[in-house]
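Open the model in your viewer and keep the selection panel at hand. The stops below run in order, each with something to select.

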Amino acid sequence: MGNRSGVSPKALIIAAALIAAPGWLVAQTNSPSAAANKAAKPEAKKAWVLPHTPDGQPDLQGYWTSLSFTPMERPAKYGNREFLTEEEATQIYKEGIQHSYEFTFNDRAETPVYDATVYALSAWQEGVAPNRRTSLVVDPPDGKIPALTPEAAKVREAMRKHGPNQDYADPNAPVKADTAEDLNLGERCISFGGPPILPGAYNSNFHIVQGAGFVTIEYEWNNEMRIIPLDGRAPLSSNIHRWHGDSRGHWEGNTLVVETTNFRPGATFQGANPKTLKITEYFTRADQNTIEYKFTISDPSTWTRPWSAIVPLSHMNGPIPEYDCSENNNDAVNILAGARATEKAAAEKAKKISQIN
Amino acid sequence: MKVTPLLLFLFACAPMVVSAQTAAQRRPVNAAAAASKISTPGEFPPYKPPLTADGKPDFNGIWQAFVTADIDIQDHDAQAGPHPDIMGAYGAWPGGQGIVEGGEIPYKPEALAKKKENAEKRMVVNITSDDRRHETGDPELKCYRPGIPRANYMPFPFQIIQSTDNIMMVYEFEHALRTVYMKNDDKEAPKDAPADSWMGWSHGHFEGDTLVIDTTGFVPWTWFDRAGDYHSDALHVVERYTLVSPYHIMYEATIEDPNVFTHPWKISFPLYRRMEKNIQLLDFDCVEFVEKLLYGPYYKDPSK
Amino acid sequence: MRVALAGTMFVAALGLLMTAAPVQAHHAFAATFDTNKPVVVHCTITKVELINPHSWFWCDEKASDGNVVNWGFEGGSPNSLIRHGVTKNTIPVGTELIIQGYQSKAFEHKGVGVNMTFPDGRKFLFGGSAPGAEGEVAVPTKDEVAPVSKDNKSDSGKSDDSSKK
């Protein structure tokens with residue numbers, strides 16, 4: 001399968017350099033190695049100055065990726081430790097690159113779809129950056145998403161059993177695709193989700209633009225746009241619902257705080273309750289190449305307490321091309337037609353068997 | 001002379017008649033004088049727009065056209081629309097005056113035949129899993145991205161968010177998006193489109209107070225209206241946006257496509273600032289409303 | 001990087017968190033392509049569609065009886081390719097490819113292109129590039145494209161024997 005079997009020494013050197021470079025990662029930790037690392041580099045670098053837009057807002061503009069190897073929840077071995085050591089972070093990054101080099105879009109080992117490296121879609125090729133955090137979840141302090149409420153646990157179980165996305169343990173098992181509504185919102189090119197912003201498998205990229213009194217966040221997937229007004233207007237009434245909820249933003253110092261409600265049923269983060277879900281996001285430009293992005297999920301009918309995560313957004317090069325999803329949705333046709341072909345083949349087989357008998 | 005009651009009446013009325021005539025003579029008939037009190041369609045007094053913090057004319061806001069060009073960019077009478085037996089007046093389309101300067105689109109003769117074929121087949125939807133799906137059917141009907149300039153004169157609002165390096169134009173219809181690059185960058189905003197798109201590849205610059213947007217890199221599948229007016233992948237659109245009042249942009253576009261038209265042609269109409277307090281775009285992601293139309297033939301039970 | 005589907009709106013994987021959409025977009029691979037119908041097609045490019053959610057490559061396969069069949073193979077999103085400098089002009093019509101994949105369940109000459117290589121075995125586009133080797137696109141120039149008959153399809157890199165058939 002070609003020459004995809006390992007990581008070249010050159011790559012490891014590059015990776016190690018990237019681990020050491022971002023000063024903000026070191027600054028955020030309290031570990032002794034961080035202090036030692038600072039002491040080892042005595043030459044004074046020109047202090048980074050937070051850029052501002054012409055109208056005086058902290059500048060969050062540019063192309064950013066949320067791609068990350070950091071897991072959502074903290075592996076038990078780290079306990080309450082929020083940060084990795086430099087050695088641990090390097091190891092995780094190396095392993096992540098190695099795996100991403102072998103990245104194929106496959107649901108199962110037996111069904112490789114295509115080699116992502118051909119399309120420069122492996123995490124390494126897409127510019128994944130290292131992260132010193134042990135998990136994305138930072139609150140609760142154990143790095144785990146809090147327990148579900150009993151009613152939410154029931155809803156979640158029902159979704160798992162009867163949702164449109166059955167488990168495909170058997171690649172030859174029939175797929176329920178009677179109508180387009182049996183496909184998920186992404187396959188239908190209706191919505192690819194968010195907020196919050198999470199690391200995705202690929203094309204996990206965003207374009208932030210700031211105009212007079214508005215911040216826009218363009219998602220690469222289907223060019224879906226969130227337009228966030230900063231003029232202090234009241235939220236929409238609860239009678240209006242939007243695929244990405246509806247947002248209101250304001251500045252607290254250098255942090256953009258965005259509050260989002262008014263979600264559509266069936267299109268909420270982790271199946272939360274659209275009537276009670278509120279997502280608060282915090283965008284802070286941490287250095288030239290990084291936005292520290294934190295989100296807090298509050299839904300008392302789904303989780304027993306609010307919880308928060310920090311996802312680093314790293315600078316990447318644009319552009320974000322037009323993503324004509326529905327216009328080119330060959331998948332929808334191929335999935336539905338494929339299901340019809342499978343049914344037809346099964347029916348013909350059954351007919352033959354009954355004819356023999 | 002004997003003063004009869006009739007004469008008395010006439011004498012009594014005379015001053016009223018006289019004064020009415022005098023009042024009419026006193027009321028200004030001249031249009032220029034009238035303009036000081038009543039705005040004249042087609043005329044805007046000289047206007048200097050406010051500037052953004054980086055010193056450019058400020059186009060930020062939510063805008064909308066109020067022409068019927070999405071139905072037909074040339075002159076058109078009111079018509080029944082599809083399935084009047086079910087839709088009644090809900091489905092009927094109003095008449096309107098065209099927005100094409102000179103009145104007629106200068107089609108090449110063979111291209112005009114294709115426009116007529118488009119119109120005849122505008123509701124023929126045949127979705128395959130390849131680009132033959134675009135051979136018939138109005139893309140608006142299928143909730144596909146409307147292209148340029150059509151997105152600017154569809155009856156839905158769009159929002160301009162203006163920054164130094166990018167002007168984002170977000171259309172409520174199917175959240176269609178244009179990123180207008182205000183600078184050239186070989187990697188991030190090259191002059192030529194790396195790949196073709198429905199909304200085109202746009203670069204903008206200012207000429208005085210006018211925002212000029214130059215767009216190429218179009219796929220050949222968008223239409224200009226429901227009447228089947230169309231283009232090829234050689235389409236080149238140059239738009240000029242000029243703020244002519246706090247509430248209006250005068251919009252012009254020059255359309256060029258040597259494969260389809262004998263020479264470039266222009267459209268123009270005003271864009272209106274949406275002035276409802278707390279106006280914002282909402283979602284009109286019509287894909288969810290067209291799935292049966294597009295994919296019904298592949299459903300297990302096509303009647304569902 | 002293998003991904004295990006664990007639910008509907010959220011997925012966790014080995015060290016790489018996936019959002020719902022990109023992984024779920026492939027959940028119906030089983031409905032679309034038939035792993036019991038592998039194909040290897042030696043063909044020349046007729047059309048390249050740098051589109052989303054999947055690029056598509058259309059390719060003429062010449063049978064030994066002279067009939068030409070046009071195949072369509074699904075690939076990955078082209079967006080990162082575009083950021084690496086690939087454009088609609090990068091892959092010329094006539095480029096020769098060997099595509100190994102699986103046929104679509106519903107359509108005879110459509111499939112997913114799992115492995116795409118040039119006849120000499122080099123991976124198509126960026127495949128197989130060492131990490132950090134930016135700009136290394138293994139795409140032939142128009143001069144390098146050479147027509148080869150179908151008989152050569154089974155082994156990459158052995159193009160010299162075919163002309164004798």
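A salt bridge here is a side-chain nitrogen of Lys or Arg within 4 Å of a carboxyl oxygen of Asp or Glu. By this rule, 37 salt bridges are counted over all chains. This is a predicted model: local features need pLDDT of at least 70, side-chain atom pairs count only at pLDDT 80 or more, and totals for chains, interfaces and linings use all residues. Residues are numbered from 1 along each chain as its sequence is written, chains are lettered from A and ligands numbered from 1 in the order in which they are written, and side-chain values use heavy atoms, with hydrogens and water left out.

**Stop 1: a bridge between chains**

Select B:D283 and A:R242. Their side chains meet in a salt bridge (2.8 Å, N to O). B:D283 sits in the loop between β9 (265–273) and α6 (291–295) of chain B, and A:R242 in the loop between β5 (225–229) and β6 (246–252) of chain A, so the pair joins two chains. Helices (H or I, at least four residues) and strands (E, at least two) are DSSP runs, numbered from the N terminus.

**Stop 2: chain B against chain C**

Now show chains B and C. Nine residues of chain B are in contact (heavy atoms within 4.5 Å) with 10 residues of chain C. About 740 Å² is buried between the two chains, and carbon and sulfur atoms give 49% of that area. Buried area is the accessible area (1.4 Å probe) that two parts lose on being put together, summed over both. On the chain B side, select B:S129, B:D131 and B:P194. These lose the most area to chain C, together 54% of what that side buries.

Next, pick B:D130 and C:K110. Their side chains form a salt bridge (2.8 Å, N to O).

**Stop 3: a disulfide in chain A**

Select A:C189 and A:C325. They form a disulfide (cysteine sulfur atoms within 2.5 Å), with the sulfur atoms 2.0 Å apart. The link is left-handed, with -65° about the S-S bond. A:C189 lies in the loop between α5 (150–162) and β3 (205–211), A:C325 in the loop between β10 (307–315) and α6 (330–356) of chain A, 136 residues apart. Over all chains the count comes to three disulfides.

**Last stop: confidence in chain A**

The mean is 84, and 80% of residues reach 70 or more. Select residues 1–41: pLDDT stays under 50 there. Then select residues 164–169, where pLDDT is also below 50. Where pLDDT is low, the predicted coordinates should not be read in detail.

Definitions and conventions: pLDDT is the predictor's confidence in each residue, from 0 to 100.
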